Amino acid sequence: MSIGVAVLGSTGSIGRSTLQVVARQRERFRIVALTGHSNKDLLAQQAAEWKPAFVGLVNGGTASCLVEAATHPDVKIVVNGIVGAAGLEATLAALRAGKRVALANKETLVMAGELVTEAARQGGGEIVPVDSEHSAVLQCVAGRRPTELARLILTASGGPFRTWGPERVSRATVAEALKHPTWTMGKKITVDSATLVNKALEVIEAHFLFDVAYGQVDVVIHPQSVIHGFAEFVDGSVLAQVGFPTMELPILYALTYPERVPDTGVRRFDPVAAGTLTFEAVQLERFPAYGVGREAARMGGTAPAMFNAANEVVVQLFLDEQIPFGRISEVLERVVAHGHPGDATSLDDVLAADAEARRLAKEFACS
Ligand code: NDP
Ligand code: MG
């Protein structure tokens, strides 16, 4: 009997890659639910191809369709490929219902890491990362005891502005920010990769996924995106996970974890073709928003939720050409410095912090 899968955000980059992976694994998995937001034509095409029991369109319909898809009785695995805070309720509901959540929607863990991990504990659900760096770490630590782990190192491509001077970066256009050197992804995460906010979100994501202190999560710039993450153990040994950049491999692993299954769909690794691999330290002057995100992490409580919410607002304003690229980090810094982070142990507190940060970000962006 095949395993039922719900794909939330099936019309997006992660959602489409998930369907490509499942198309090669039809004897193992079947699509039970699909959801989209604005792209109803693509959703209709996908529904016609996969004939899922449930199809939900959020825009024009109701957001509760995400929870309905995520908790459908025939669903065992929920791939959450929604962008932003909108994915939170569905993640919580799926975990409480005992499902596996294959999580791409990192914003969910950043804004409510404590609630999400608690929901998994309560309901018997599990979170398996889709994010390539976290999938890499999981592949390195699978089968090890937590006490054997000393440190994680997440890699970052450095995005399109890695070699630009700060002055030029502050005036970068939307088209320039969307030209990612190694990955093709949705617009929001592509901008987050240019500011390196994405990596700050991933540090917070790693903290909650692997239960490691922030001081044990380092980041290194690795422009080729061939090594996705490292795990250092207490004896000093370091393991890394390697491969040409593709999300299909981490998606497949999140579906089959802890097992591996044969798949011929992704380009096989070839060290000679990969060529020279290089590493650089993150320069905070070049990526100030990354430093702000780490500061929000250090503050804890609702500070990461505020950082995330403010970022969602300013990224949208930048994409709408309402603010220059350089304003993104300025606003994030002001919101994180201004906020009074409280406990993030209730959904109401988290949602209130999220709303307050959105209000502040709009105010600061326009002033
Ligand atoms: P996309 O923008 O390509 O896709 C987002 C999906 O979410 C679409 O299906 C979209 O629907 C849907 N959506 C948008 N807004 C809402 C909403 N308010 N409610 C419900 N659904 C909504 O993004 P990506 O696929 O690139 O990213 C998705 C998530 O995965 C993000 O959290 C990102 O950080 C993470 N991720 C992505 C990677 C990648 O390679 N793309 C890599 C690692 C992580 P529609 O298109 O119909 O409007
Ligand atoms: Mg990533």
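1. A definition is needed before the metal site is described: donors are N, O and S atoms within 2.8 Å of the metal, and water is not among the atoms, so sites may look incomplete. The model under discussion is a predicted one.

2. The magnesium ion (ligand 2) is coordinated by Asp-131 (OD), Glu-133 (OE) and Glu-202 (OE), at 2.1 to 2.2 Å. Along the chain, the donors of this magnesium ion follow the spacing D-x1-E-x68-E. Distant parts of the chain are linked here: Glu-133 belongs to helix α6 (residues 132-141) and Glu-202 to helix α10 (residues 197-210), 69 residues apart.

3. Glu-202 also takes part in a salt bridge, in which its side chain meets that of Lys-106 (2.9 Å, N to O). Because Lys-106 lies in helix α5 and Glu-202 in helix α10, the pair ties together parts that are 96 residues apart in sequence. By the rule applied, the count of salt bridges comes to 24.

4. As to overall division, the protein has a domain 1 (3-130), a domain 2 (131-245 + 267-286) and a domain 3 (300-367). The centres of domain 1 and domain 2, taken over C-alpha atoms, are separated by 24 Å.

5. How much area do domain 1 and domain 2 bury between them? The value is about 1200 Å², with 70% of it on carbon and sulfur atoms. Within domain 1, the residues that lose the most area to domain 2 are Lys-106, Val-110 and Pro-129, which together make up 47% of what that side buries. In terms of contacts, 14 residues of domain 1 touch 17 residues of domain 2.

6. Charged and polar pairs also cross this boundary. Three salt bridges are found across the interface of domain 1 and domain 2, and five residue pairs are in polar contact there, both residues being at pLDDT 80 or more. On the side of domain 1 that touches domain 2, the elements giving two or more residues are α5 (106-123) and β6 (126-129). Of these, α5 gives the most, with seven residues. By class, this side of domain 1 has eight nonpolar, three polar and three charged residues.

7. The side chains of Lys-188 and Glu-107 meet at 2.8 Å, N to O. In general, side chains of opposite charge can pair when their charged atoms come close.

8. Two features of the backbone should be noted. The peptide bond from Tyr-257 to Pro-258 is cis, with omega near 0°, and Pro-258 lies in the loop between α11 (248-256) and α12 (271-274). Lys-51 has a phi near 45°, a positive value in a residue other than glycine; Lys-51 is found in the loop between α2 (40-50) and β3 (54-57).

Definitions and conventions
Residues are numbered from 1 along each chain as its sequence is written. Chains are lettered from A and ligands numbered from 1 in the order in which they are written. Side-chain values use heavy atoms; hydrogens and water are left out. Domain bounds come from an automatic or database domain assignment. Contact means heavy atoms within 4.5 Å. Buried area is the accessible area (1.4 Å probe) that two parts lose on being put together, summed over both. A salt bridge is a side-chain nitrogen of Lys or Arg within 4 Å of a carboxyl oxygen of Asp or Glu. A polar contact is a pair of N or O atoms within 3.5 Å; within protein, one must be able to donate a hydrogen and the other to accept it, and residues adjacent in sequence count only if both atoms are side-chain atoms. Helices (H or I, at least four residues) and strands (E, at least two) are DSSP runs, numbered from the N terminus. Ala, Val, Leu, Ile, Met, Phe, Trp, Tyr, Cys and Pro count as nonpolar, Asp, Glu, Lys and Arg as charged, and the others, Gly among them, as polar. Donors are N, O and S atoms within 2.8 Å of the metal (3.2 Å for Na, K and Ca); water is not among the atoms, so sites may look incomplete.
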